[in-house]
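Please look at the sequence and the model first, and then work through the topics below.

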Amino acid sequence: MQIMSKDIVYSGQSFIDKVIECTGDIDNAFKMALANGVSVTDELTVGQSLTTTEITNKSVASYFGEANRPATKLIEPSPLMYELPDGFPLSF
C-alpha cells in the first residue's frame, strides 16, 4: 500500500491547491512560498516536492486525502483532440 504524501504535487494542482491541502488555510500562501523559494503564481511540476509550513486549520487539511485532493489548475485541451480521423468511416 502506497502512502500519500501531501508535499508532492499531483496532476492539475496549483500552488494554492497545495497550500490549502497541506496547511488548511490560504493565509499560509506567502509563508509557504517563502519556504519553497517560489511565487504563489508559479507553475508547479507533477512530482515536485514542497516544504510545508504549520497546519493552521486541521479540519480542512485532514479533509484531503488520497481519494480527494484539490486540483483546480486549468489544463488547456490539445487541438488534436478535436480533429476528424484520417479517413471517413463511411463510403458512398
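The structure holds one aromatic pair, a term for rings of Phe, Tyr and Trp (its six-membered ring) whose centres lie within 6.5 Å. The model is predicted: local features need pLDDT of at least 70, and side-chain atom pairs count only at pLDDT 80 or more, whereas totals for chains, interfaces and linings use all residues. Residues are numbered from 1 along each chain as its sequence is written, and side-chain values use heavy atoms, with hydrogens and water left out.

**Exposure of the aromatic pair**

- Tyr63 counts as exposed, because its relative accessibility is 56%; exposed means over 50% relative accessible area, buried means under 20%, and partly exposed lies in between (1.4 Å probe, protein chains only).
- Phe64 has a relative accessible area of 16%, so this residue is buried.

**Overall layout**

- The chain has three helices and zero strands, where helices (H or I, at least four residues) and strands (E, at least two) are DSSP runs numbered from the N terminus.
- Along the sequence, the pattern reads α-α-α.
- The chain has 92 residues, of which 26% count as buried.
- Of the contacts between residues at least 6 apart in sequence, 64% join residues at least 24 apart; contact means heavy atoms within 4.5 Å.

**Helix α1**

- Seven of the nine residues of α1 are buried, and the helix is therefore described as mostly covered.
- These buried residues are Phe15, Asp17, Lys18, Val19, Glu21, Cys22 and Thr23.
- They pack against α2 and α3 (58-63).
- Gly24 follows α1 and has a positive phi, near 85°.

- Is Lys18 buried or exposed? Lys18 counts as buried because its relative accessibility is 0%.
- The side chains of Lys18 and Glu21 are joined by a polar contact of 2.8 Å; such a contact is a pair of N or O atoms within 3.5 Å, and within protein one must be able to donate a hydrogen and the other to accept it, while residues adjacent in sequence count only if both atoms are side-chain atoms.
- Residues up to four places away in sequence aside, Lys18 touches several others, including Asp7, Val9, Tyr10 and Met32.

**Helix α2**

- The buried residues in α2 (residues 29-36) are Ala29, Met32, Ala33 and Asn36.
- Why do they lie on the same side of α2? They cover an arc of only 105° around the axis, the arc being that of the directions from the helix axis to the C-beta atoms.
- Phe30 and Leu34 are exposed, on the face turned away from the buried side of α2.
- The buried residues of α2 pack against α1 (15-23).

**The largest nonpolar core**

- Nine residues make up the largest nonpolar core: Val9, Phe15, Val19, Cys22, Ala29, Met32, Ala33, Leu44 and Leu50.
- The elements that contribute two or more residues to this core are α1 and α2.
- A nonpolar core is a set of buried Ala, Val, Leu, Ile, Met, Phe, Trp, Tyr and Cys residues joined through side-chain atoms within 4.5 Å.
- In soluble globular proteins, nonpolar side chains tend to be buried together.

**Residues outside the helices**

- Asp7 lies in the segment before α1 and is partly exposed, with a relative accessible area of 25%.
- Among the contacts of Asp7, beyond its neighbours within four places in sequence, are Lys18, Gln48 and Thr52.
- Asn57 belongs to the loop between α2 and α3 and counts as partly exposed at 28% relative accessibility.
- Asn57 and Asp25 are 32 residues apart in sequence, and their C-alpha atoms are 6.0 Å apart in space.
- A polar contact of 2.8 Å joins the side chains of Asn57 and Ser59.

Note on methods: Phe/Tyr/Trp six-rings, centres within 6.5 Å; stacked < 30°, edge-to-face > 60°.
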